[in-house]
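Visitor: I would like to learn how to read a model of this kind. Please take me through it feature by feature.

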Amino acid sequence: MTLAGVAATLLVVAALVIAFGASRSGAAAAGEGSAVFGEAHQSSLTVALPPPSTDKIYGALQARGRPIVVIDAGHGGRDPGARSVSGEVVEKDLTLALAHELRDKLVERGRVRVAMTRDDDRYLTLDDRAAVARRLDAAMFVSIHIDSAVNPLARGASVYSLSDVASDAEAAQLAARENGALASIGTGGSVQAMLSDLAMRSQMSASADLASRLVNKSAGRFELRPQPHKFAAFYVLKSAQTPAVLFEAGYISNVDDEQLLRDPAHRSAIVLALAQAIEADVAAHARH
Ligand SMILES: [Zn+2]
């Protein structure tokens, strides 16, 4: 290369550095020639960043490109959730066991991909949980909890879908309890107020469809509450911005339910029903 060639190369490099700096600072008040140049650089600057490590996506090879289902193991870390009637287990451990087993079942069946809001014992805010679904543009969000009641005879699973009006006083109380963490993140306004727009209406109706499928697939396989599909204004479901349900796998305050929920064989019946309902819902939406 000649000396002139080297000088020309240096000039081009200098121009590149300037254009890069200009487009980075956003002060690209340059002439027409360098505007085109700047654009070429813009495209290389808008490369998507890899998602945070928490957004790990699980899936079989044949599930590549398939919809993503976010599984949310309720509670975690310094928030143990409800304590079992025996005092030997807490809700956060059983929700995590169910979430792991549901993830593995869905991955094994290969029809969807899966992400988890947590896959270990850690504390997350409701916003942290919902944000995973939004970041991944998830097809649905399934939050797993275990119920607890003062009445030691209350037992069976139930499914809650998002609504601006609670189906009964108990559903309203549960939503108020689960929304309790909101005080610590300083969110103003009620969930009801945020549920007014049209997008939310369609999210609510899709969530109700998903909840019905969960109930239908569960019926006859394990104990359900007498009216298993309930509605309430759950902040975490609303914020997921995708069809979202909260599944209560049983009552940790009931001796029989505690024993069943601690039994991997019983949990696998629950997990299979959940997996089949999730897949049926994804398939139904794919046809539209
Ligand atoms: Zn819970």
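Visitor: In which sense do β5 and β7 pair, and over how many bridges?

Guide: Strands of a sheet pair through backbone hydrogen bonds, either parallel or antiparallel. Here β5 and β7 pair in the antiparallel sense over four bridges; pairing requires at least two DSSP bridges between two strands. Ser161 stands opposite Val245 in β7. This is a predicted model, in which local features need pLDDT of at least 70, side-chain atom pairs count only at pLDDT 80 or more, and totals for chains, interfaces and linings use all residues. Residues are numbered from 1 along each chain as its sequence is written, and side-chain values use heavy atoms, with hydrogens and water left out.

Visitor: What is the strand order in the open sheet?

Guide: The seven strands run β1-β3-β2-β4-β7-β5-β6, with mixed pairing.

Visitor: Which residues have the most contacts inside the largest nonpolar core?

Guide: In soluble globular proteins, nonpolar side chains tend to be buried together. This core has 40 residues, and Ile71, Leu102, Leu106, Phe247 and Ile270 have the most contacts inside it. Its largest share, eight residues, comes from α11. Ile71 touches Leu102, Leu106 and Val142, among others (contact: heavy atoms within 4.5 Å).

Visitor: Where does pLDDT stay under 50?

Guide: Where pLDDT is low, the predicted coordinates should not be read in detail. pLDDT, the predictor's confidence in each residue from 0 to 100, stays under 50 over residues 10-43. It is also below 50 over residues 183-188. The protein averages 83.

Conventions. Core = buried A, V, L, I, M, F, W, Y, C linked by side-chain atoms within 4.5 Å. Buried < 20%, exposed > 50% of the residue type's maximum accessible area, 1.4 Å probe, protein only. Helix = DSSP H or I, 4+ residues; strand = E, 2+ residues; numbered from the N terminus. Lists of a residue's contacts leave out its neighbours within four places in sequence.
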